[in-house]
Amino acid sequence: MSPARKSLAEGLGTLLLVTAVVGSGIMAERLSDGNVGVALLANAIATGAALYVLITIMAPLSGAQFNPIVSLWLALNKEQSFQTTLAYVFMQILGGILGAVLANVMFDLAPVQMAQTVRGGSGQWLAEVVASFGLLLTIMGCRHGRGEAVASAVALYITSAYWFTSSTSFANPAVTIARMFSDTFAGIYPGSVLPFILAQLAGMALAIGAGRLLFGTKKT
């Protein structure tokens with residue numbers, strides 16, 4: 001398959017993922033009658049379900065990475081070139097932003113907004129480290145032993161991490177950037193984005209170290 005088609009798969013997959021995250025957040029908020037717990041539950045279930053489907057259909061095309069920390073890890077693990085990784089990350093970010101715009105338009109909102117929901121503080125930054133660490137370790141563990149379980153394991157992990165992390169588990173720099181373009185339930189204030197991404201990269205680094213200890217030097 002050509003590099004262009006693989007990059008397109010990454011962009012389209014991330015677009016649909018962010019559309020699911022933001023769109024389900026808007027719908028959940030509108031239908032929950034102010035019950036934030038119900039809204040978060042609906043948002044988490046929809047996101048996990050979308051992840052399972054998107055990973056299943058895009059994995060044979062591009063590996064269904066949809067996440068710069070996953071793409072960077074694969075490059076560091078010498079499983080793909082840094083040139084490919086840069087192309088994937090660009091398409092992930094672009095696709096994510098377009099996904100947020102699409103969700104806004106579907107719900108008759110302004111296409112491009114700047115989110116006002118401030119997310120930060122040591123607890124939420126630590127939560128992003130934990131969320132990203134757990135996500136990457138989940139992928140490593142499945143690929144080491146049961147590669148066919150990646151889609152279901154990642155979907156279940158993210159669904160649960162919405163609830164056990166105080167940040168609601170962004171765990172993805174591309175999705176984090178995209179979510180600042182929708183001032184809705186899933187939004188994040190632009191000033192909160194960089195600390196979240198740095199925390200996600202820290203989680204990635206810790207997961208790489210843990211993966212080597214647990215699974216050895218074999219590609220995982």
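Ala-155 counts as buried because its relative accessibility is 7%, where buried means under 20% relative accessible area, exposed over 50% and partly exposed in between (1.4 Å probe, protein chains only). The model is a predicted one, in which local features need pLDDT of at least 70 and side-chain atom pairs count only at pLDDT 80 or more, while totals for chains, interfaces and linings use all residues. Residues are numbered from 1 along each chain as its sequence is written, and side-chain values use heavy atoms, with hydrogens and water left out.

Ala-155 sits in helix α6 (residues 150-164); helices (H or I, at least four residues) are DSSP runs, numbered from the N terminus. Not counting residues up to four places away in sequence, Ala-155 touches Gly-48, Leu-51 and Tyr-52, with contact taken as heavy atoms within 4.5 Å. Thr-47 is 108 residues from Ala-155 in sequence, yet their C-alpha atoms are 7.8 Å apart in space.

We turn next to the core. The largest nonpolar core has 56 residues, and Trp-73 and Val-154 touch the most other members; such a core is a set of buried Ala, Val, Leu, Ile, Met, Phe, Trp, Tyr and Cys residues joined through side-chain atoms within 4.5 Å. At least two residues of this core come from each of α1, α2, α3, α4, α5, α6, α7 and α8 (190-215), and α6 gives the most, with 9 residues. In soluble globular proteins, nonpolar side chains tend to be buried together.

With residues up to four places away in sequence set aside, Val-154 touches Leu-51, Ile-55, Leu-135, Thr-138 and Ile-139. Thr-138 belongs to helix α5 and counts as buried because its relative accessibility is 18%. Leaving aside neighbours within four places in sequence, Thr-138 is in contact with Ala-153, Val-154 and Tyr-157.

On a 1 Å grid over the protein atoms alone, a pocket is an open set of points where a 1.4 Å probe fits, with protein on both sides within 12 Å along at least five of seven lines, and lining residues have an atom within 4 Å of a point. The lining of the largest pocket has 43 residues, and Gly-63, Ala-64, Gln-65, Phe-66 and Val-70 lie nearest the centre.

Helices α1, α2 (36-62), α3 (68-76), α4 (82-106), α5 (122-145), α6 and α7 (173-179) each supply at least two lining residues, and the largest share, 6 residues, comes from α2. By class, 24 lining residues are nonpolar, 14 polar and 5 charged; Ala, Val, Leu, Ile, Met, Phe, Trp, Tyr, Cys and Pro count as nonpolar, Asp, Glu, Lys and Arg as charged, and the others, Gly among them, as polar.

Helix α1 (residues 3-31) has 29 residues and reaches 42 Å from its first C-alpha to its last, close to the expected 42 Å, a span defined as 1.5 Å times one less than the number of residues. Just after α1, Asp-33 takes a positive phi of about 55°.

Two loop residues also have positive phi values. Asp-108, in the loop between α4 and α5, has a phi of about 60° although it is not a glycine, and counts as exposed because its relative accessibility is 74%. Ser-169, in the loop between α6 and α7, has a positive phi of about 55° and counts as buried because its relative accessibility is 3%.
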